[in-house]
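Good morning. Please look at the slide for a moment before I start.

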2 protein chains.
Amino acid sequence: MNATLTSLYRHPLLTASDLELIAAAHKSVSLKKRDFILKKGHVANAYFCVEEGMIRSYVYDYAGNDITTGFIGKDELAIDVVSLFTRVPSEEYFQALTDCKCQMIDLDAFQQLYHSIKGLNEWGRAWMSESLFALKQRTISMITDSATERYARLEAQHPQILQQAPLKYIASYLGITDSSLSRIRKERCKSL
Amino acid sequence: MNATLTSLYRHPLLTASDLELIAAAHKSVSLKKRDFILKKGHVANAYFCVEEGMIRSYVYDYAGNDITTGFIGKDELAIDVVSLFTRVPSEEYFQALTDCKCQMIDLDAFQQLYHSIKGLNEWGRAWMSESLFALKQRTISMITDSATERYARLEAQHPQILQQAPLKYIASYLGITDSSLSRIRKERCKSL
DNA sequence: TTTATTTCTTGTCCTAGGACAAGTACAATG
DNA sequence: CATTGTACTTGTCCTAGGACAAGAAATAAA
């Protein structure tokens, strides 16, 4: 049984046989570094469960700066919920930051699962509310914490990101310039 | 038929008779200014549809500062999704900013509706993905926009907030101090 | 009315982090 | 091999917005 899917779809209402159905509905896909799984302006028609590698989501701000909105690593879901389920064009780009292995499922297959597996909608609700929660935490952190604190937090909570992503993307994710991040890291070293 | 509920539960899969069932499951409640509908540490067991007035959600940061996380106005939902559906203590406070009239529904009643009305889960998914989207926009705005721009955006998009909320709450919502907000508003006036 | 309490403004001074530009160190590609 | 990027660091100088403190002005409470 696929470990990534088992981890991602872990939920009290999903049985082992549900998991098999779920796994059967996913397709294994490989992505090469820089491949896009979704671009701004297109309507999403699938989502991706990351088994290996990392995907980055980003937007351009009014001044044309590339702003990283998220990093999706192992055992996480790369998805634009709004675009996929309400069939509107995405506002974001989703691009492989490294070569990746993913389990992909398209909307049709998902809808079928959704109707045949009772617990899946509870699972979906749980997943979304966790995402909402995580995003809320991030927003609060952007307001109340200094850049140094935000960096420390990221380092503590998501060390894999620091290993896989170039600093400039991490900088924009933290809401600072890459120069500032560089200086913050220099300070961090001194204090060790 | 209650206008707030009609507006809130508007969805292609919800029929007029669904709406009647939904409305019947809600209870009308009045809140007085400063009443709490949820406090940090408590598990939510209902949510509130605002008909009149405004509710504010907030947290305290590490330094004890009161940080506004959201304003919920007319025809919007005051809810801690995570707490309500996953039965964990809330991280936030939800307090009436003004006297309010609300339609309230508790978890039990909601679950019953949820199982008896087919379209309700699609509605919920749509609602959540919209919330996720709005929050994402806010996070990006915190990163890419200046305080002045964030204020201008709030003024354009949610003028009711400016009318109903004290500036200090708006300031913390925008991620600045009330002094700064005051100065921003002064500048704004000059340029008119 | 008088006294508090909260809301908002304003002043002075200071700092985190931006803008821009130059320099180093690897990788990738012809 | 030379070359063109891409990633990262560092320097100088500058500005948005914070900290703190002291008024006004408006609400509420006594």
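Predicted model: local features only at pLDDT ≥ 70, side-chain atom pairs only at ≥ 80, totals over all residues.

Residues are numbered from 1 along each chain as its sequence is written, while chains are lettered from A and ligands numbered from 1 in the order in which they are written.

Now the helices. Helices are DSSP runs of H or I with at least four residues, strands are runs of E with at least two, and both are numbered from the N terminus. In chain B, the axes of helix 6 (residues 147-157) and helix 9 (residues 178-190) come within 10 Å and cross at roughly 70°. Axes here are lines fitted to C-alpha atoms, for helices over the stretch in contact, and angles run from 0 to 180 degrees between N-to-C directions. So helix 6 of chain B is roughly perpendicular to helix 9 of chain B, a label that covers 65 to 115 degrees. Helix 6 of chain B contributes Ala147(B), Thr148(B) and Tyr151(B) to the contact, and helix 9 of chain B contributes Ser180(B), Leu181(B) and Ile184(B); contact means C-beta atoms, placed from the backbone, within 7 Å.

Next, the loops. Most residues other than glycine have a negative phi. Arg34(B), not a glycine, has a positive phi of about 80°. Arg34(B) sits in the loop between strand 1 (27-31) and strand 2 (36-38) of chain B. Arg34(B) counts as exposed because it has 10 C-beta neighbours inside 10 Å, and exposed means 12 or fewer.

Note on methods. Parallel < 35°, antiparallel > 145°, perpendicular 65-115°, else oblique. Contact = placed C-beta atoms within 7 Å. Buried ≥ 20, exposed ≤ 12 C-beta atoms within 10 Å, placed from the backbone.
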